[in-house]
Structures are given as structure tokens and as C-alpha cells.
Amino acid sequence: MKKIPKVLIVVFAFALLYLPIIVIGILSFNSSQVGSNFGTITARWYTEIFANSSLSGAIVNTLIVAFVSTIISTIAGTLIAIGIYSFRNSSRNRLLLLNNFPVVNADISTAITLMIIFSLLGLRFGFTTMLLSHIFFSIPFVILSVAPRLRELDKDLLDAAIDLGCNKFQALYKVLIPSIRTGIITGGLIAFTMSIDDFVISWFNTGNGFDNFSIWIYARLGRKTFSPSAYAYNSLVTIITIAGLVIYNLKTVRRLKK
Amino acid sequence: MKYKSFVYPYLIWMVLLVIIPFLFMALLSFSKSTGLSFDSLEFSLENVKKISETVYYKAILNSLLYGGIATIICLLIGYPVAYVLAFSKFKYKTLALVLIIVPTWSNMLLRIIAWEKLFLPNSILNSIGISLDLIGTPLAVIIGMVSIYLPFMIFPIYTVLEKIDTSLIEASSDLGLTPFKTFLKVTLPLSTSGIISGIIMTFLPSATAFALPARLSGGKLQLIGNIIETQFKTSFNYNFGSLISLVVVIVILIMLSIIYRVDSKGETLL
């Protein structure tokens, strides 16, 4: 490919991806609450993030659900992946296929199936059901990111550990888990971001007034109770992540140069 | 490795949270009941008749249409982007890649609102003399879908392209193929699994979206997701809602079996 079309298509894609992010940024500084025109520049929405108790409550709920579901799904997913790799090829592939189902499944049908089973079990909709649903959709992603590390692992490694006197569980946490560490960390990060971002599954599996950030927004779409502080919070998170990533990347590039 | 027992709780969990509700959904689809209870359950084909009503089959057709168009555009933009990034020697390639994921961490509903605010006749763009006035047009919905689901097309394709042994491409040009023919005969076939995963990962969420079509069409367009949401959240007709969801699940099972053929390890799904 020629140089110019190459750059153009990448720039075009970035424009499509970042235009809404930029608009959110602009709206976060816009004094107009509806955002249908540009008033004056204000920092009001930023200072009001935590003054708005329903919004800050929703943000806190989002973070609690994300932390708890990430910890549980990362531990469970890692152990299950190790379990799956204890099987031989054909049963292993069948287990991985089963694991891919929630990954491929559309959010709305995952949401409905979970909603149906939670009502059948007589669970009270709210924190517990939302947490369970987040654990449910996170585990497969943890398994998917741990699996390649397990595939690369030397099969004699565990036997060696056991020959050298480790018992089954020492071999697990002293040898196996450290050697698949990168996969576990990636899995955990994916689980965390998926949980923070989720709207559809949370929307169908919450109740009794338990809101997360997405549900807070959805319930207020086109209403007066919507506050641009949501834009402010979102822009803040975006800026911090981008800054963190850029700094980390520049450091790695510089280290590679040396 | 001897940790097989770790899998059994997961199997129970999956049976409980996937298979049992799926069976119950099938049961609800072909029956009448009050809410989600077994007591008043009786066999009925009412829902099947209902699905042939214009509103509903139109929603299904529109889902296929809008999801399909958005997916094709994502492929036309996403493939070249993945290709350029996978084969470039750009120093900040990893950064560029990460920056493609970053927007997906931004709240999806807020990104939809951002497009909505831009597309309304009265928008912040008025200050520079532009009024897009696109709300309610199919174009608005398609732009929104492409912007939101594009990363899901780029990533699986990038994953497979990056793994291609470049010596194969060199060999092909050494043997006299033009760059375009090399692409058609070597690179493209080797990236099929990524393309298929990418298509599925963009088509499913865009065809089943409900907040996006509702906002960007100004409430005019109904996709299958809107029908499901109304049935479960507003009109509480779980039977008809289940039947529609069942249609979605069956489509997904077909897609899963296609993915299993091209990428049994699920490497392109992350």
C-alpha cells in the first residue's frame, strides 16, 4: 500500500473512534446542561461529580462490583483454565467451546438467560444478582487469556516440581501460577474493564434501586435529572488512562532503544 | 497436569446459568404463563403467531439489515487499519493499538449521546455554522454503530495478521506475484479466521443493540433488541420475549459453530 492512503485510513478510523470522546470532553466543560448549544466554559460539572449523590453513589457501586467481580473471576477463571488443560485434546476442546459460548453470545441474550434463572432461583434483584452476572461474563475472558500461556507451558515443569518434593498444591502456587502470571494479569484487566463498561447485562440483572454508572445514565437519558457531571467523570477517567498508557509506552520505547 | 477436578464446579455453574435457563426460555416461548411461574403454564402457539406481525418481523429484518451494513463498513475500514498496523515498523505501534481500545473503555451510552448531540439540528456545531440534522436517518444509526463496534473488527484481524510469517509474503513476491496477487493468494486466505471472528463480534452486538438505535433514530427505528427490552422491562410478556431471545440464541449457536471451525482455541476472541 502507498504511504498516503495508509495514513489516511488510520486517521479516518481514529477520527470515528475519537470524535465522540472529544464531544464528551467538550460537553463536560459546556455550561449548557442540555448540550444543544455552546454556552460558556465552566468547571462546574467537575466539581459537582461528588456533590451529586445519586451519580457518585452509582460510580461507587460500579467500582465495588468491578473490584469484587474481578477478584473472584480472576481466581476462578485461572483455576478452571488449569483444570481444562488437565484434560486431553478432544475433551479440552469441547470445554473451550463451552467456554466460548458466553464470549460470543450477544449481551442481551446473556442478560435474559441470567435474569430468567435468577428469578427462578428466587434471588432478590440488586447487588448480588449484578455481581453474579458480572462474574459470569468475566470468567470466560480470564480463561481465554490464561489459556495461551498454559499451552506454551513445558509439560515437564509440573512433573519436575512434584519430583523435587512439591505436593500438588505447592506445585500449583509455586510453579504453575507464577509461570502463567502475565495471562492472569491480562485476564484480570479485561475482566475489570468489561465490568466497568457493562450496561446491558447490568440493566436486566439489577433491581431495588441498585444503579451502576451506565444504568444511572440510561435512566436519565433525555431527562432533566441528567447531569453533565457524567461527561466530566468519564472524561477524567479517559484522560487518566490515556496519560498513563502514553507514559508507560514512551518509557518502554526508550528502554528498547538503550 | 492433574487438576481436572477444578473443571467440575464450572460445569455445574454453566449448566445452571446457561443450559437450564435456555430450556426454560424454550418452554416459555411455546406457552402462556403469568410472569415467570410454572403454576399457570399452558401450551400455546400464540407467540409464534405474534412474531409474524409486521412490527416484529420488520424489527428482525431491520436488525439483519442495519447489523449487516454496519459490519460490512467496519470490515472495509477495519481490515486496512489492522493490515497497516500489523505490518508497519512504526515505533509507537503498540501505543496506536492500545489507543484503538481506549474509546471502548469510555462509557458506551455516553458515546451514543455524544453522536446524538452532534446529529441534532441544534448542536454545539452551530457555533461553527454547521447543523448536521441527521437524527432519524439510517446514516446516523450506521455511523454510530461503526464508531462503537469498529475496534471489535480491528482486533481479531490484527491478531491473525500479526502472526503471519512474513517470509511467506516475501517468497510469494520472489516467485513473481504482484503485491496485489500476493495479498489475494497469501495474506487474505491466512487471515480468514480473524475476519470471521471480527464479523461475528461486530455483527452480533450491532444487530442486537437497543439503546443505540433508539437514540440515534429518534425513537423511529426498532431493532430486535428494542423488542426484547420492551417485552422484559415494560410489557412483562416473558413468553413472547423468550421466543424472540430464542431466535437470537439460535443465530448465536450457528455463529459459534462457525468460529469453532476456523479458530477452535478462541485466539481471535480476546
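Which domains does the domain assignment of chain B give? In this predicted model, the assignment divides chain B into domain 1, covering residues 1–44, and domain 2, covering residues 47–269. The C-alpha centres of domain 1 of chain B and domain 2 of chain B are separated by 29 Å, and contact between them involves ten residues of domain 1 of chain B and nine residues of domain 2 of chain B.

On the side of domain 1 of chain B that touches domain 2 of chain B, at least two residues each are supplied by α1 (7–29) and by β1 (31–32) of chain B. The largest share of this side of domain 1 of chain B, amounting to five residues, comes from α1(B).

Turning to chain A, the secondary structure comprises twelve helices and zero strands, so that the order of elements from the N terminus on reads α-α-α-α-α-α-α-α-α-α-α-α. Taken along the principal axes, the box filled by the C-alpha atoms of chain A has dimensions of roughly 70 × 60 × 35 Å. Chain A has 258 residues, of which 43% count as buried. Among the contacts in chain A with a separation of 6 or more, 78% are accounted for by residues 24 or more positions apart.

Note on methods:
Residues numbered from 1 in each chain as written. Chains lettered and ligands numbered in written order. Predicted model: local features only at pLDDT ≥ 70, side-chain atom pairs only at ≥ 80, totals over all residues. Domains from an automatic or database assignment. Contact = placed C-beta atoms within 7 Å. Helix = DSSP H or I, 4+ residues; strand = E, 2+ residues; numbered from the N terminus. Buried ≥ 20, exposed ≤ 12 C-beta atoms within 10 Å, placed from the backbone.
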